[in-house]
Amino acid sequence: MNIKIRLEQPGDYRAVEELTREAFWGSMNYPTCDGEHLLVHKLRSLPSFVPELDFVAEADGKLVGHIIYSMAKVITPDDREVEVLNFGPISVLPEYKRKGVGSALLRHSISEAKKLGYRAIIFYGHPDYYPRLGFNRASAYGITSENGRSFDALMAMPLYDGALDDVTGRYIEDSAYNIDSKEAEEFDKGFPPKEPAVLPPIKLLTDKLTENAKRAFDTREIRYISQLQGYSGVEILSWDGIEEQDLAQINHILKEYGQPEKLFPASHILQLAKMGVRLPVVQKIRKKTGISVYRVESESEHYVLKEFENPESRREIKNYEMLASLCIPTLQILKNTECALLLPNMENSSKYRLGCEADLSDVQVAISIAKWYKELHIKGQMYIRRITLCFMMKQIRLLCQIWI
Ligand SMILES: CC(C)(COP(=O)(O)OP(=O)(O)OC[C@H]1O[C@@H](n2cnc3c(N)ncnc32)[C@H](O)[C@@H]1OP(=O)(O)O)[C@@H](O)C(=O)NCCC(=O)NCCS
């Protein structure tokens with residue numbers, strides 16, 4: 001499908017409001033569109049509106065998606081106001097969902113926002129959808145909601161390196177986002193009559209879970225399956241009574257009902273977002289014994305991501321750190337989290353390449369490898385001696401303390 005992104009024109013206004021209404025109709029925990037079309041209508045005439053980032057998506061000769069941006073701010077603890085971008089609503093016609101329209105709108109608008117020199121984007125949204133575009137939890141930057149709360153649905157993306165380094169505080173969006181339900185109802189009367197959607201009750205899901213897991217849902221008064229879109233997989237896993245196998249079962253059921261699945265904490269999408277990799281395009285190379293390797297392209301740079309599913313295999317991250325501390329040359333670690341490594345892609349490197357069979361009969365290569373191993377052994381021996389000495393000193397100190 002060919003998706004064309006262009007700026008919204010006044011002639012699109014009504015069609016965009018209709019598509020917003022369709023996109024949101026019964027998609028969350030409301031049987032209607034909960035006034036999202038009114039929000040688009042109002043935002044366009046507000047001073048906070050950013051017309052140069054107001055985009056529509058066209059496919060098959062019609063409008064199929066829309067994204068709108070407005071200015072928002074972060075109030076820092078010393079009362080500074082830092083301007084940031086906010087977006088939303090973003091809408092895709094139901095029959096065009098999951099075909100890349102939402103991602104195309106986001107990729108295009110984020111790249112434009114970056115070119116225009118904006119500092120960062122902060123917004124509330126589906127916490128397990130936007131990390132695939134590189135959005136990280138706002139809490140990672142010390143940014144909270146207006147009343148100081150943190151949840152995964154509040155997300156942020158610095159548009160240049162360090163853009164949010166000295167920005168912490170409370171995030172405040174335009175007051176237009178507080179939609180008045182009466183006003184929304186009135187506004188909706190100007191659109192063709194539409195039956196409220198019937199939302200699948202959460203019971204369809206909880207009936208297939210353990211008693212403990214069921215209680216976790218009851219406590220939070222979750223009524224509909226679609227309401228789960230407001231929570232991340234990581235948040236659900238943090239609830240008392242929910243284990244990893246419950247989340248796997250929840251995903252299985254969500255899939256059955258055509259709902260998006262939740263991300264597991266070690267997922268490569270979350271790891272890349274944590275590392276601040278913007279707009280990644282990811283391709284899996286292989287998965288073997290709990291270690292997945294991905295080719296990643298981001299803003300014309302090429303990387304390899306190694307994701308370690310099992311805690312035992314994560315020692316590789318520590319190994320790289322240890323080798324670096326001993327000044328032993330290795331492939332450079334660009335970034336890492338507790339369960340993933342971001343490395344340069346050797347396919348694009350003039351310095352490194354993968355070994356090949358011919359290396360076995362090449363004397364020069366053999367000499368280089370032997371030199372590296374020799375250095376590793378010498379520095380490794382010194383390291384072991386140092387560690388053993390430190391350990392012995394600690395033991396001696398401990399014994400002295402006991403005797404005295
Ligand atoms: C959310 C929305 C904009 C996404 O647009 P889209 O064109 O359907 O998304 P894309 O095709 O780019 O991406 C689809 C992928 O995102 C995932 N995804 C979509 N919505 C998701 C969500 N709420 N949570 C987690 N993942 C989600 C899909 O499962 C799919 O994953 P896959 O590629 O592994 O199959 C669109 O579904 C929509 O208009 N929804 C209703 C309105 C709405 O909720 N707007 C956003 C409010 S924050």
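How many bridges join strand 11 to strand 12, and in which sense do the two strands run? Eight bridges join strand 11 (residues 291-298) to strand 12 (residues 301-308), and the strands run antiparallel. Strands here are DSSP E runs of at least two residues, helices are H or I runs of at least four, and both are numbered from the N terminus. Two strands count as paired if DSSP finds at least two bridges between them.

This is a predicted model: local features need pLDDT of at least 70, side-chain atom pairs count only at pLDDT 80 or more, and totals for chains, interfaces and linings use all residues. Residues are numbered from 1 along each chain as its sequence is written.

Start with the overall layout. The protein is divided into domain 1 (4-188), domain 2 (203-256), domain 3 (275-348) and domain 4 (361-403). These bounds come from an automatic or database domain assignment. The C-alpha centres of domain 3 and domain 4 lie 25 Å apart.

Strands of a sheet pair through backbone hydrogen bonds, either parallel or antiparallel.

Within the sheet, strand 10 pairs with strand 11 in the antiparallel sense over seven bridges. Val281 stands opposite Glu297 in strand 11. The two strands form a hairpin with two residues between them, and Thr289 in the turn has a positive phi of about 40°. Strand 11 and strand 12 form a hairpin as well, again with two residues between the strands. There Glu299 takes a positive phi near 45°. Across this pair, Tyr294 has Leu305 of strand 12 as its bridge partner. Val296 is partnered by Tyr303 of strand 12.

Most residues other than glycine have a negative phi, and most peptide bonds are trans. Asp60 has a positive phi, near 50°. Asp60 is found in the loop between strand 2 (55-59) and strand 3 (62-75). The peptide bond from Gly88 to Pro89 is cis, with omega near 0°. Pro89 is found in strand 4.

The shell around the ligand takes five residues from strand 4, its largest share. Helix 1 (13-24), strand 4 (81-92) and helix 3 (101-115) each supply at least two residues. In total, 21 residues surround the ligand. A residue counts as near if its C-beta atom, placed from the backbone, lies within 6 Å. The closest are Gly102, Ser103, Gly125, His126 and Pro260. The shell divides into eight nonpolar, nine polar and four charged residues. Ala, Val, Leu, Ile, Met, Phe, Trp, Tyr, Cys and Pro count as nonpolar, Asp, Glu, Lys and Arg as charged, and the others, Gly among them, as polar.

Helix 2 (residues 36-43) and helix 4 (residues 181-188) pack at about 90°, with their axes 9 Å apart. Axes are lines fitted to C-alpha atoms, for helices over the stretch in contact, and angles run from 0 to 180 degrees between N-to-C directions. The two helices are therefore roughly perpendicular (65 to 115 degrees; under 35 is roughly parallel, over 145 roughly antiparallel, and the rest oblique). His37, Leu38 and His41 of helix 2 meet Glu183, Ala184 and Phe187 of helix 4. Contact requires C-beta atoms, placed from the backbone, within 7 Å.

Conventions:
Two residues are in contact if their C-beta atoms, placed from the backbone, lie within 7 Å.
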